[in-house]
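Open the structure in your viewer and keep the selection tool at hand.

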Amino acid sequence: MTTTHCPYCALQCAMHLEPGPDGALAVRPADFPTNRGGLCRKGWTSAEVLRTPDRITSPLLRKDRDAEFTEVGWDTALDYVAERLACLRADHGPDAVAVFGSGGLTNEKSYLLGKFARVALGTSQIDYNGRFCMSSAAAASTRAFGLDRGMPFPLTDVGEAEVVLLAGANPVETMPPMMGHLSAPTLIVVDPRRSATAQQALADGGMHLAPRPGTDLALALGLLHAARVHHLLDEDYIAARTTGFDQAWAQAAAWWPEQTEHVTGVPAHQIRDAARLLAEASGAYILTGRGTEQHAKGTDTVSAWINLALALGLPGRRGSGYGCITGQGNGQGGREHGQKANQLPGYRKIDDPAARAHVAGVWGVDPDRLPGPGRSAFELLDALGTATGPRAMLLFGSNPVVSAPDAGRVRDRIAALDLLVAADFVLSETAAMADVVLPIAQWAEETGTMTNLEGRVLRRRAAATPPAGVRTDLEVLNGLATRLGQSPDRFPTDPDAVLAELGAASAGGAADYSGVTPARLQTGEALHWPVRARAEATPRLFLDAFAHPDGRARFTPVAHRPAAEDTTPDYPLIATTGRLMGHYQSGAQTRRVTELAQAEPAAYVEVHPDTAARCGLSQGAWARVTSPRGTTLAQVRLRTEARLDTVFLPFHFAGEQAANNLTNPALDPTSRMPEFKVSAVRLEPAAHH
Ligand code: SF4
């Protein structure tokens, strides 16, 4: 029996894996502070994906996109890729090659991928799909606290609070075991949709505040206003531990509850009640999720919630705080080790000369030869195959033709590449467009570390032998780097060797892993970063001081502004997207699990019965949903709790059922996160389906 962690979300629930007589792994939940012996449906069924009949076990190559793939040996595939990359770099320069990573990769893979891009390829063009998930909260936390660690406290602390405000998060569906931590506090759920979590809050005597999509920044300003006029702010804390309140207040001063109701639709009395509940609690947390972030003003929206938390004196104290609920399995670690276009390991800025010198020293390269910042994820995808953009892309652990916004446009851009290389375990929708597919090992077949939503570094352990013909991502990077002229020991294939190097590269940085060792992980020590060499870990940050040089947190003045796209007579409804309990991300894994696929086999659109009737639609009918960017097909689910002006679509389905055919790639100016949550659409009956 092997004890390891779930392949999916950032809760990283612990599980035991045991091989049965036929070699299939049986899953049993293990006790761990985040899941306390629970697993969701995805975790329980996670072993099935290892044995999917769709699994690729030999590299696939085609020299003509219209041709079928041919199975080839690893040397043939890697030689071909290296040769094509060398030609493209010689003809067009190093930035002709892009690398696209994932928040699902282990820390070791994330680190080595960033090093591979900058050292072996010399390209600045690297980013990852985590840009679509947590980048707005990361930016807002950094500007408020001087540091971004999703939850700067253990999740177990949250259960001790009296009140928890969840803004734009739906853990009942997305991470059910987390609800074990939220059963005692009174919940205030902020979500335009009556989500399962909002329903739970109401059933338990809590509140559901349902702002119009795209107006929760205004709601946070209204709550701050209500708290101040009712003398609920923590003035001593504001004076002692923060700066910038007056400027932030100047933006909130006009947001009387009635004005806030006018813009958000949330009744003024609910705003006053929620402010009082939150402020008068003996311990309270504000936790934000993707609903606050995936907007063209996502960073400012998260800042508005952080401002509220600061004004109430919550962060940096035991028993209260602000945190972001990270989504992807290694969304936190994935953004710390150099996969982001603007960052180097240790959460260092790539344009900081001292950071460049430190990392270049560990890598044994000239800091002046390290590339600078590249394009953010959507901008990178949107530049592929253009006159000034990359001509080739190496893809690791991501399926952007399903998960990126304006998916049709992304599909066209990827199709325009001279070379697409996908490291994947099946032919995902994006891998199916590739010239070369490299079959890789899966989570239960290799060892590595992940960093969960509390910034705790965990050990994933191999419980099965990968199928013959499959390699690990680290082996793929080593094979390519060697063929590109690098010494093989610069790109180790042993995860522990990579972890040791990652520790050195991150030492002294914000996310310092220099004290994370296999031996400490083996003991089960709770290694919340920063973990400096031979030092204690840091489960709770900011108790004495925030990470800005003066030790104070910063209020950020933020103003409400409308969503990037408004409804029009042609597109009279708002579409918002989200996740289901039974699927994960682009569905490349979970759509291949029998139980999950049977439970949710197809895309649906949740619609209010009156709205559906106006569009000529009834329960179970297929609807054509159209935005200014594209169309998707989805089966109608009527729901009386749905808003009249808004429809909801899960984004786990592909092709003509991909919700991201509709979504708006308008980007947040700071985080470069797209506006997945607000698209103008129309609904009509789908003919011939
Ligand atoms: Fe736990 Fe998330 Fe895995 Fe579900 S998907 S078992 S909540 S880690």
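What follows is a walk through a predicted model, one selection at a time.

**Stop 1: two helices**

Select residues 257-264, which form helix 11, and then residues 268-280, which form helix 12. Two packed helices are described by the angle between their axes and the distance between the axes. Here the angle is about 115 degrees, and the axes of helix 11 and helix 12 are 8 Å apart. The crossing of helix 11 past helix 12 is right-handed. Now show the side chains at the contact: P257, E258, T260 and E261 on helix 11, and A268, I271 and R272 on helix 12. By type, the residues of this contact are 3 nonpolar, 1 polar and 3 charged.

**Stop 2: the largest nonpolar core**

Which residues touch the most other members of the largest nonpolar core? Select V164 and I188; these two do, in a core of 216 residues. Helix 8, residues 216-229, gives the most to this core, with 9 residues. Stay on I188 and display its contacts, leaving out residues up to four places away in sequence: V163, L165, A201, G206, M207, L209, A274, L277 and L278.

**Stop 3: a residue in a loop**

Go to A642, in the loop between strand 26 (631-638) and strand 27 (646-650). Is A642 buried or exposed? A642 is buried, because 22 other C-beta atoms lie within 10 Å, and the cut-off for buried is 20 or more. Next select E606, V607 and H608, which A642 touches when residues up to four places away in sequence are not counted. From A642 to V607 the separation is 35 residues in sequence, but 6.1 Å in space, C-alpha to C-alpha.

Technical notes. Residues numbered from 1 in each chain as written. Predicted model: local features only at pLDDT ≥ 70, side-chain atom pairs only at ≥ 80, totals over all residues. Axes fitted to C-alpha atoms, helices over the stretch in contact; angles between N-to-C directions. Helix = DSSP H or I, 4+ residues; strand = E, 2+ residues; numbered from the N terminus. Left-handed = near helix turned anticlockwise from the far one by under 90°. Contact = placed C-beta atoms within 7 Å. Nonpolar A, V, L, I, M, F, W, Y, C, P; charged D, E, K, R; others polar. Core = buried A, V, L, I, M, F, W, Y, C linked by C-beta atoms within 7 Å. Buried ≥ 20, exposed ≤ 12 C-beta atoms within 10 Å, placed from the backbone.
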